[in-house]
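Thanks for passing this one along. Here are some notes to read beside the coordinates, in the order I would look at things.

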Amino acid sequence: MVLLEVFRAHQLNIMLVLSGICAILAIFVLFTNTMTKSRKLALVFMEISAMFLLVFDRYAYIYRGDISTNGYWMVRISNFMVFLCTSILCYSFALYSKDLATNELERQKTPVRLKVVEGVLITQMILVILNLFFGFFYYIDESNKYQRAPLFFCSYMLPFVALILMFTLIFQYRNKLGRGLCITLLLFAVCPVVSALFQFYVYGISLVNITISTMAIILYLFAFVDMNKTLERARNIEIDYLKKEQKDIQLLFEQTAEALASAIDAKDKYTHGHSNRVADYSRRIAELAGKDEKDCEEIYFAALLHDVGKIGVPDYIINKDGKLTDEEFAAIKQHPVIGKQILASINKSPYLSIGANFHHERYDGKGYPAGLKGDDIPDIARIIAVADSYDAMTSKRSYRDPLSQDKVREEFVKGIGNQFDPQYAKLMLHLIDIDSEYEMKEKEDLTFGDTKTTLTCDEFRSDVLEGIVMTPYMTKISLNCKSDPDHPGLECIPTMIIFDALDSRYHYEEDDRKEMVYYEYGEVRFDGKYEVSGARKFKVDITEDKTLTDAELIEAYKKGIDYEIEASRYLDHGLIKITSELKTVEIIIAFPDNARYAYIGLTGEHCRLNNVDADRSEERIADDYIPRIAKPVSYIEGPVGDIPNVQVDGWCSAATEGVPIKDNMKIIFHTMSLPTARLIWHCPYIRLFYSKDRKVNGEDFRDFVLIRLDGETWDSDDSAENKMQISKNDDFNGWDAWKELNKKGMICKVVIRRNGSKITVITENGGIYIKSTTTINIDVPDVYVALSGDQVALTDIHIG
């Protein structure tokens, strides 16, 4: 009761405030351009009718009992307008709901209940007007006071019916309306009805009018929120459209560039895929150099179109097998200029013409067409020049096969500072070092995920597909084999040759085998027959699924047999499983060492291999997946020092645990190259790094410097700065002698000095003196040193 008295005492002020709010909101609605016209009109009527409802209700209280002339008219006008505005407000709500049904619910026809509501409210407004003459809702007594008439409850009955009908409609479609809007509409329909129930028992308080006006305000607020959400959706749709349009334009550009690059490569029978590979290598170099994503993308497309000028060079010159004449070479040298002219018209992408024009410049100034030198050559062109040269060396040409990986590396070492920018050449060397499976090269035959390959075999080993490397990641190969109908026989089935070679290819000629360090482990025919060559041991298990006579086998070979092969390797053991409708053959191979690669070369005798396809899993096999049939190959069974010995079979494939660096620290250890080592960089490496678990490549790993004992280094990113001093003294007798010294084994001594963030590493081995100074630019809890290498055994390691 106290609350009612407080409300009664302040209701005139409440009405004044609410009427002002309604007036302001009506003006806001008028200037809103994000609503449909009908919804906007409904909201304007709603807010204006709510404003007048409160204004006239307030006047009705103010002039109640005032017997003056003004009081006489104000009481009658005010009470009439209160009843009329209530009906208009409800009718406006019906119009608002009608617009929602049309636009939000996508109903072409107005719901029947809304038509009934409109009829009811129009009837109510007519009855309010008739009440002026008949007084069946209310009347004004002799003292000029408002009094309820006997049929007063009927003045609420019709609006109640209208609101209840609208409530049922809103509730029915609640799932199609926004949550906030739906709740507001339901409250608008329910709250006035609830307040009216109180109004019957409480006299002198305009609870219904204040409630319905408040709901009109709340409805606008939620409509405003809904409007903002609509705007946000529209903005997001527009943004998505623009993004899609931009993506489509970018896709069109990429597809056009790819098509143009393919057209360029098609002119030269020896450069299929050259432009794509150069683009890929260029982007990798740019990423290692710390370029941002935009720069890397520009470098990629500039590299993709770097040879576009070859369109203007006659085909007979490009595809000439022999040596070019001076005139022909002069024509070839024009392709950068032609490329610049073609791409210069794309003025929004000037980097394209820059890449085309300058990619044949040399760092020493002896390139063409402008003879630029050093940093005068655009950065993008210096990157492309490195990638272009790499692909030229690792691709087949009319006069030679692809160079071996170690030969390519040596060529880049020679070209640092003269042909190539030192920074980008060193990054290319790093890419070569980490490419342990020599994947960065032209693929002539079978490639993972590429088009399927076909091979026709006449005499045994007359043709062999390029080797598929065996790794700890399961490789699956599928193929169909049909025997030659002119030479049917039991031997007309596929055979796999397991081998190693620098270029991953099978070689028959002895000279080629020597040059490519070819090593054959053995061969396995798909019926389970095998021959061991260089492997320590083969173990073959055959499960017969179908027993056939020789004649039936020959007939089956003629029709064709599908084969599924699974191949994997872990350290010095490999597992190959061949499955067909006839039998399952499982081969376990014990390799002679961990360091050499193992490739599978598919061949056969008087048969045709169709639809050869290969796919490699991204999941590594378990360490115990391949059963061991021979003892592990180990070269570190000698004395153990302060930390465990480590055998490094490939480039940084293993490392010692990290040791915290202290001032005047000494590391003394024994090193010996593995029997398979043959290159200068097959030697120990010293690595400065940080990781939480003190392991190389461990958690939060940061690599500061990698120092090779042959004098080369790999610098980290901006987290450290490195300076190297390398010199050779009288003990150095050439690289062959240095490699031989590593083969025999030697004691190495490393001295490490630390002064805060500055770390100096000094070592001298085989006449090569190295002093590396590293300044750490980031805050790390500690800096660790670890020993690693490539094809070396590190033993008897002492820390002092």
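1. Setting aside neighbours within four places in sequence, Pro 684 is in contact (heavy atoms within 4.5 Å) with Phe 669, Thr 671, Ile 707, Arg 708, Leu 709, Asn 742, Ser 788, Gly 789, Val 792 and Leu 794. This is a predicted model, in which local features need pLDDT of at least 70 and side-chain atom pairs count only at pLDDT 80 or more, while totals for chains, interfaces and linings use all residues. Residues are numbered from 1 along each chain as its sequence is written, and side-chain values use heavy atoms, with hydrogens and water left out.

2. Pro 684 belongs to strand 18 (residues 684-690); helices (H or I, at least four residues) and strands (E, at least two) are DSSP runs numbered from the N terminus. Because its relative accessibility is 1%, Pro 684 counts as buried (under 20% relative accessible area, with a 1.4 Å probe and protein chains only). Ser 673, 11 residues away in sequence, has its C-alpha 8.6 Å from that of Pro 684.

3. Leu 794, one of those partners, lies in strand 26 (residues 792-799). With 0% relative accessibility, Leu 794 is buried too. Beyond four places in sequence, its contacts include Ile 636, Asn 645, Val 646 and His 670.

4. Please look next at the helix pair. The axes (lines fitted to C-alpha atoms over the stretch in contact, with angles from 0 to 180 degrees between N-to-C directions) of helix 12 (residues 335-343) and helix 13 (residues 350-358) come within 7 Å and cross at roughly 170°. Helix 12 is therefore roughly antiparallel to helix 13 (angles over 145 degrees). Pro 336, Val 337, Gly 339, Lys 340 and Leu 343 of helix 12 meet Leu 352, Ser 353, Ala 356 and Asn 357 of helix 13.

5. Finally, the largest pocket has a volume of about 1,300 Å³. Its lining comprises 49 residues, and Ser 436, Ala 595, Tyr 597, Gly 650 and Trp 651 lie nearest the centre. Helix 16 (422-434) is one of the elements that supply at least two lining residues, and helix 16 gives the largest share, 4 residues.

Key: Angles under 35 degrees count as roughly parallel, over 145 as roughly antiparallel, 65 to 115 as roughly perpendicular and the rest as oblique. On a 1 Å grid over the protein atoms alone, a cavity is a set of points where a 1.4 Å probe fits but cannot get out, and a pocket is an open set with protein on both sides within 12 Å along at least five of seven lines; lining residues have an atom within 4 Å of a point. Grid points are joined across faces, edges and corners, and a volume is the space filled by probe spheres set on the points. Buried means under 20% relative accessible area, exposed over 50%, partly exposed in between (1.4 Å probe, protein chains only).
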